[in-house]
Amino acid sequence: MLSTNRGSTEGNHIAVGQFQFISIQAPNDGKDRVTRRLARSHAVKQALKNKRKLQQESRDNFRITTSQDTRGMLAGRRPRTGIMAMSFLSPSAGKLDPFETLAVDASRLQALLNDHKAWQAPEPVFSVAEEAAFQSFRSVFRTGLVDPALLNAVMLSLAFSVAGGSINRECLGYQGQTISYVRERMGSLCEATSEATIGAILLLAGVEARLGMQSQVQLHMGAVRLLLDICQRENVNLNGGIKRAIFWQDLNSSVLAGSSRIVDHTTFSELEWTRDQFSHQFSSGYFRLPSGFQMRSHLFSREFMEVIEDLNALQCVRDNTSFKKCDATTMAYINNHTASIQSRLACLPNPSGLVSCCRLATYLCATMLCCKVWCALVIPLHVSSQLLGELQKANNDPVWNNNSDLFLWLLYIGGAFSPVGAVRSGYIELLRSHNISRRKILLTSWPTLLETMKRFIWSDKAFMTHFKAFWEDNFASISFTGT
């Protein structure tokens with residue numbers, strides 16, 4: 001039972017304040033989560049009210065500024081490179097949690113946000129990257145840090161990335177809290193079908209997918225599928241941001257952990273993409289097969305060739321001079337284009353080793369062309385590793401005798417998009433150990449290599465830096481070993 005009492009002291013004009021009394025009938029009632037939340041909320045409101053009143057009395061809420069001051073303030077608002085954009089989380093311009101109302105340690109949250117290893121941790125559920133403003137925290141969840149389930153799930157994602165992709169005691173704590181809060185929500189239709197609850201489950205599944213926990217991923221993504229069915233049955237409207245988050249987390253989890261997918265690129269109207277829509281903004285002439293695939297079209301299915309045509313169009317968009325000037329609406333449309341390509345690639349069969357290699361390389365290209373903010377280093381490394389395994393198994397297949405340029409493209413796609421480490425070294429070793437009949441590809445000059453790459457999927461803007469670095473690593477390896 002809640003009651004209020006107002007009082008004031010006459011003569012000095014200082015208000016005693018508005019008190020909120022909470023009935024406690026048992027010793028543990030004061031430790032109840034709801035009770036504590038009400039108390040904290042009331043304390044914050046009263047503190048802000050008192051602060052505003054003091055400012056009004058001292059006239060500190062009005063400040064005289066000049067045009068010089070205005071220019072200085074505007075200049076100070078320019079984003080600084082290398083620093084994580086934290087406006088999506090910060091409830092104030094000063095301390096992250098000045099009144100200690102968050103469900104987690106605010107100082108630890110601040111420390112995690114300041115660690116560059118955590119900057120892409122929440123993707124693909126939401127992003128803090130400027131170029132992905134259409135999928136920001138607030139656009140997805142339409143809230144701040146008031147939801148404890150979502151906040152603990154965010155902390156889990158951040159701490160997991162900072163820990164190098166491993167679960168430690170801190171991560172286990174956030175994971176347990178998230179699961180506990182989510183379980184509480186399932187008893188309420190309104191809370192269970194909220195964007196915050198679904199987002200918390202998606203973030204849980206994202207960590208599990210990176211750990212390869214297939215059964216756990218399927219359990220949590222299955223819960224999301226159940227909530228989607230309930231939303232449809234009860235006419236609960238979810239926003240486009242959370243639907244996009246569901247699609248990408250589902251697809252990425254299937255790639256990383258091999259889980260069954262619960263949606264595809266046709267499930268949500270917000271992710272709809274067709275070539276007819278594309279032609280309104282870009283040239284329909286972009287839909288063509290690169291020459292390297294055109295001469296080998298007999299090796300692939302029609303469905304795969306259509307995906308290659310759509311990917312070639314995406315590459316043309318990426319290299320278009322206006323790409324960096326795209327607004328949020330156009331970026332969301334390009335994201336839909338990418339979603340269509342990757343979703344279809346994930347469903348295609350692998351009738352041969354060559355087709356399997358090409359499918360993986362094409363998926364890697366689609367990932368790195370326009371939507372790299374969704375994959376951080378997780379998806380590229382994973383797909384590159386899979387492609388390396390397929391190439392190693394098919395290394396002695398005579399099919400490559402007449403397809404040495406395709407083999408070279410596959411090796412460079414996988415090697416260029418893998419970070420320095422075992423997988424990248426594996427590609428270099430495969431190049432070095434290639435059989436004598438095709439040994440000439442090792443000594444390809446940069447101009448000749450570039451000409452070969454352009455017969456397939458190639459983007460100067462998205463690929464050049466990665467490929468040049470891998471080419472230099474390859475030649476350095478050859479020079480070092482004397483081969």
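**Entry 1: the loop with proline 124**

I started at proline 124, which is found in the loop between helix H3 (106–113) and helix H4 (137–141). Glutamate 123 and proline 124 are joined by a cis peptide bond, with omega at about 5°. I note here that the model is predicted.

**Entry 2: confidence**

I checked the pLDDT next. The protein chain has a mean of 80, and 70% of its residues reach 70 or more. Residues 1–19 fall below 50, and this stretch has 27 contacts in the model beyond near neighbours in sequence. Residues 479–483 are also below 50. For residues 479–483 I noted four contacts beyond near neighbours in sequence.

**Entry 3: positive phi**

I looked for residues other than glycine with a positive phi. Arginine 142 has phi near 55°. Arginine 142 sits in the loop between H4 and helix H5 (148–162). Is arginine 142 buried or exposed? Its relative accessible area is 53%, so arginine 142 counts as exposed, the cut-off being over 50%.

Asparagine 235 has a positive phi too, about 60°, and is not a glycine. I found asparagine 235 in the loop between helix H9 (214–233) and H10. With a relative accessible area of 64%, asparagine 235 is exposed.

**Entry 4: threonine 197**

I moved to helix H8 (residues 195–210), where threonine 197 has its place. Threonine 197 is buried, at a relative accessible area of 0%. Which side chain does threonine 197 meet in a polar contact of 3.2 Å? The partner is arginine 185. Leaving out residues up to four places away in sequence, threonine 197 touches Arg185, Met186, Glu191 and Ala192.

**Entry 5: salt bridges**

I recalled the general idea before counting. Side chains of opposite charge can pair when their charged atoms come close. The count here comes to 18 salt bridges. I looked up three of them.

Aspartate 250 and arginine 261 meet through their side chains, at 4.0 Å from N to O. Aspartate 250 lies in helix H10 (residues 240–257), and arginine 261 lies in the loop between H10 and helix H11 (275–279), so the pair ties together parts eleven residues apart in sequence. Aspartate 250 is buried at 1% relative accessible area. Arginine 261 is partly exposed at 24%.

Arginine 275 pairs with aspartate 310, and their closest N and O atoms are 2.7 Å apart. This pair links distant parts of the chain, with arginine 275 in helix H11 and aspartate 310 in helix H13 (residues 302–319), 35 residues apart. Arginine 275 is partly exposed at 30% relative accessibility. Aspartate 310 is buried at 3%.

Arginine 296 pairs with aspartate 405, with closest N and O atoms 2.4 Å apart. Why does this pair tie together parts that are 109 residues apart in sequence? Arginine 296 lies in the loop between helix H12 (291–294) and H13, whereas aspartate 405 lies in helix H17. Both arginine 296 and aspartate 405 are buried.

**Entry 6: helix H17**

I went on to H17, the helix of aspartate 405. I tested its length. H17 covers residues 404–416, and at 1.5 Å a residue its 13 residues should span 18 Å. The end C-alpha atoms are 18 Å apart, which agrees. How many of the 13 residues of H17 are buried? Twelve are, so I wrote H17 down as mostly covered, taking buried as under 20% relative accessible area. Among the buried ones are Leu406, Trp409, Tyr412 and Gly415.

**Entry 7: the nonpolar core**

I looked up the largest nonpolar core, which has 128 residues. Phe293, Leu391, Trp409, Phe463 and Phe467 touch the most other members. Helix H15 (residues 353–369) gives the largest share of this core, twelve residues.

Residues up to four places away aside, phenylalanine 463 touches Cys365, Met368, Leu369, Ile413, Phe417, Ile457 and Trp458.

**Entry 8: methionine 453**

I ended in helix H19 (residues 446–453), at methionine 453. Methionine 453 is buried at 1% relative accessibility. Methionine 453 and tyrosine 412 are 41 residues apart in sequence, and their C-alpha atoms are 8.6 Å apart in space. Beyond its neighbours within four places in sequence, methionine 453 is in contact with Leu408, Trp409, Tyr412, Trp458 and Phe467.

Methods:
Residues numbered from 1 in each chain as written. Heavy atoms only, no water. pLDDT = per-residue confidence, 0-100. Contact = heavy atoms within 4.5 Å. Helix = DSSP H or I, 4+ residues; strand = E, 2+ residues; numbered from the N terminus. Expected span 1.5 Å × (residues − 1). Buried < 20%, exposed > 50% of the residue type's maximum accessible area, 1.4 Å probe, protein only. Core = buried A, V, L, I, M, F, W, Y, C linked by side-chain atoms within 4.5 Å. Polar contact = N/O pair within 3.5 Å; in protein donor to acceptor, adjacent residues only side chain to side chain.
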